[in-house]
Amino acid sequence: MHDSAAERRRMVDSQLRHRGIADPRVLAAMEKVPRHRFIPNPEDSAAHGDHPLSIGSGQTISQPYMVALMTECLRLQGDEHVLEIGTGSGYQSAILAELSRRVTSVERIPSLADRAREALRDLGYLNVEVFVGDGSMGWAEDAPYDRIIVTAAAPEIAKPWTDQLGEGGRMVVPLGDRWGQTLTVATKHGTKLEYERICGCVFVPLVGEHGWAEE
Ligand code: SAM
């Protein structure tokens, strides 16, 4: 049995601090949340590796650095309501749950949503709700949101996301084509969005009304 707390400490030092993640709350959440509990085989020695990992159904849990970077970009203070699009394993949802008041997360694949719900419940995260649906339409029932995080590659900022984001709210989205994207932060000022480009990235595609057709 490996010491997962020690592996997380190493992951935070070598993959995150070393690469410039500086928000102490983000670093503490990444050190606390048991990443191995969100992957299909918790004993997998690759659980804390510097790369994404398969979670089945052709989907992935993102690389730890990308999870930390996207979370840092949201600038969470603790009282926000966050919409996550693409629950996947539920790991990013748990990090958000540590750092905000409430998380609404949407996943299109029911079996992944079920597994994520179970992991989040077993770990006692009561401020996260996981819904099955097309997150390219956002999740109008619980809007408005203070922050939106999209964890699949999007061809555009979908209009429902902008409509469901509150004034002054921030969203972080991998924007581009199926094969390569730019991690982008968009901040809402009235009817306008102000864009900031962060870095290149590669995510699995957003499939749906404002995304791509299923292959
Ligand atoms: N945040 C996840 C984690 O921590 O494990 C990683 C998410 S994975 C990179 C992207 C997820 O987006 C996949 O689970 C995929 O099924 C989901 N997805 C793709 N299109 C979607 C859509 N239109 N609505 C909701 N989820 C979608």
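This is a predicted model: local features need pLDDT of at least 70, side-chain atom pairs count only at pLDDT 80 or more; totals for chains, interfaces and linings use all residues.
Local features need pLDDT of at least 70, side-chain atom pairs count only at pLDDT 80 or more, and totals for chains, interfaces and linings use all residues. Side-chain values use heavy atoms, without hydrogens and water, and residues are numbered from 1 along each chain as its sequence is written.

User: Why is the pair Phe131 and Trp139 called stacked?
Analyst: Rings of Phe, Tyr and Trp (its six-membered ring) pair if their centres lie within 6.5 Å, and planes under 30 degrees apart count as stacked, over 60 as edge-to-face, the rest as tilted. Here the centres are 4.7 Å apart and the planes at 20 degrees, so Phe131 and Trp139 are stacked. The rule gives two aromatic pairs.

User: Is Trp139 buried or exposed?
Analyst: Buried means under 20% relative accessible area, exposed over 50%, partly exposed in between (1.4 Å probe, protein chains only). Trp139 has 15%, so Trp139 is buried. Phe131 has 22%, so Phe131 is partly exposed.

User: What makes Arg19 sit over the ring of Tyr65?
Analyst: The test wants NZ of Lys or CZ of Arg within 6 Å of the ring centre and within 35 degrees of the ring normal. The charged end of Arg19 is 5.0 Å from the centre of the Tyr65 ring. Arg35 lies over the face of Tyr91, also at 5.0 Å from the ring centre.

User: Which polar side-chain atom lies 2.6 Å from an oxygen atom of the ligand?
Analyst: One of Glu107. Taken alone, the ligand exposes 600 Å², and the protein buries 99% of that (Shrake-Rupley method, 1.4 Å probe).

Definitions and conventions: A polar contact is a pair of N or O atoms within 3.5 Å; within protein, one must be able to donate a hydrogen and the other to accept it, and residues adjacent in sequence count only if both atoms are side-chain atoms.
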